[in-house]
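Subject: The structure I promised you

Hi,

My notes on what turned up follow below.

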Amino acid sequence: MTATDRRPVALVTGGGGDIGRAIALRLARMSDAVAIVDRDEAAANAVARLVEDGGGKALAISADVASARDTAAFIETVEARLGPIGIFANNAGIEGVVAPLHQYPDDTFDRVLQVNVKGVFLGLKHVLARMIPRGAGTIVNTASTSAIRGRAGLAGYVASKHAVLGLTRTAALEVGGTKIRVNAVLPGPIESRMIRELEGQSRDNAVALRRNGAAAHGRPQDVANIVAFLASDEAAHVNGAAWVVDGGMTVA
Ligand SMILES: NC(=O)c1ccc[n+]([C@@H]2O[C@H](COP(=O)([O-])OP(=O)(O)OC[C@H]3O[C@@H](n4cnc5c(N)ncnc54)[C@H](O)[C@@H]3O)[C@@H](O)[C@H]2O)c1
């Protein structure tokens, strides 16, 4: 195998979670190695073992994506241990709580924006700083259908995901005309811990998540397949896209 035959190294943040796990396993099929970053060390290790069980090479790192120091450090570690990052799934995120806006806790709002917006910004900043001099690489940010519509009871989350889409579009413009691409995947409700938590809180708080429209939940691998497509050469002309994966929920 020559250097040009090498497949990219992939990095997945929030790789220990339900969607992150599916992304890591899917990207392992098109990568030389996959780095799994998560603040939950045990979850990251478990996903790394799954990748290795499937014959792939994996590296698990425990870090907080909302910390600039952690982000600089894990990106340095991934490139030192595995090689240049060619695919970056900027996926870590938290849901906050379900509460009407007039009762939404300030500290929760701040933390949701810290992880979902600052975390995505820091990942973009530090990975692009390495991809731009190399002139290659693809990034897929995990936004949500909450990036393009309101959702009752989810003020922090909706604000944060609108911001993720704004960051995606800005980064896409900045790399326009190069071989680097930045896109967003926008999942609707996916069968996962996060959606079970939100639906549980919605029942408890009598806040009408159901007002947001009913659609069958997707599966984490439905999201992972689109991330893999957007990260691949098949999507060479796709930059700045907001790719909805919701079974048609948002066209209603
Ligand atoms: N589950 C859904 O229905 C759904 C729908 C749309 C978008 N999303 C988005 O998909 C992404 C993944 O969500 P999921 O459903 O897999 O949820 P999840 O809670 O299963 O996974 C999220 C992972 O991110 C990690 N994480 C959280 N904060 C972190 C931090 N500061 N630093 C490092 N890691 C951190 C968690 O430990 C967890 O493993 C999120 O950005 C979420 O907003 C999920």
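Let's start in the sheet, where phenylalanine 88 stands opposite isoleucine 139 in E5. The pairing there joins E4 and E5 in the parallel sense, over 4 bridges. To get from E4 to E5 the chain goes through H4, and this β-α-β crossover is right-handed. Keep in mind throughout that this is a predicted model.

On another pairing of E4, 4 bridges join it to E1, and these two strands also run parallel. There you'll find valine 9 opposite isoleucine 85 in E4. E4 itself is mostly covered, with 6 of its 6 residues buried.

Now move along to E6, residues 180-187. Is this strand enclosed or open? All 8 of its 8 residues are buried, so the rest of the structure largely encloses it. Ile180, Val182, Ala184 and Leu186 point one way, while Arg181, Asn183, Val185 and Pro187 point the other way, and every one of them is buried. E6 pairs with E5 (residues 137-142) in the parallel sense over 6 bridges, and threonine 142 stands opposite valine 185. Between E5 and E6 the chain crosses through helix H5 (residues 155-174), again as a right-handed β-α-β crossover. E6 also pairs with E7 (residues 242-245), in the parallel sense over 4 bridges; leucine 186 has valine 244 in E7 as its bridge partner.

Next, the ligand. Which residues come nearest to it? Of the 28 residues around the ligand, they are Gly14, Gly17, Ile19, Gly93 and Ser144. Helices H1 (18-28), H4 (106-134) and H6 (193-205) each supply at least two residues of the shell. Sorted by class, that shell has 12 nonpolar, 10 polar and 6 charged residues.

H1 deserves a look of its own. 10 of its 11 residues are buried, so the rest of the structure largely encloses this helix. Among the buried ones are Ile19, Arg21, Ala24, Arg26 and Ala28.

Glycine 16 and alanine 46 are 30 residues apart in sequence, yet 7.4 Å apart in space, C-alpha to C-alpha. Leaving aside neighbours within four places in sequence, the contacts of glycine 16 include Arg21, Ile36, Asp38, Asp40 and Val47.

With 13 C-beta neighbours inside 10 Å, proline 100 counts as partly exposed. Proline 100 and alanine 155 are 55 residues apart in sequence and 7.7 Å apart in space, C-alpha to C-alpha.

In soluble globular proteins, nonpolar side chains tend to be buried together. Here the largest nonpolar core has 76 residues, and Val34, Ile36 and Val227 touch the most other members. H4 gives the most to this core, with 9 residues. What does valine 34 touch, not counting residues up to four places away in sequence? The answer is Ala10, Val12, Ala24, Leu27, Ala28, Val51, Gly56 and Ala58.

Happy browsing!

Conventions. Residues numbered from 1 in each chain as written. Predicted model: local features only at pLDDT ≥ 70, side-chain atom pairs only at ≥ 80, totals over all residues. Buried ≥ 20, exposed ≤ 12 C-beta atoms within 10 Å, placed from the backbone. Pairing = 2+ DSSP bridges. Right-handed = clockwise from strand over helix to strand, strands pointing away. Near = placed C-beta within 6 Å. Nonpolar A, V, L, I, M, F, W, Y, C, P; charged D, E, K, R; others polar. Core = buried A, V, L, I, M, F, W, Y, C linked by C-beta atoms within 7 Å. Contact = placed C-beta atoms within 7 Å.
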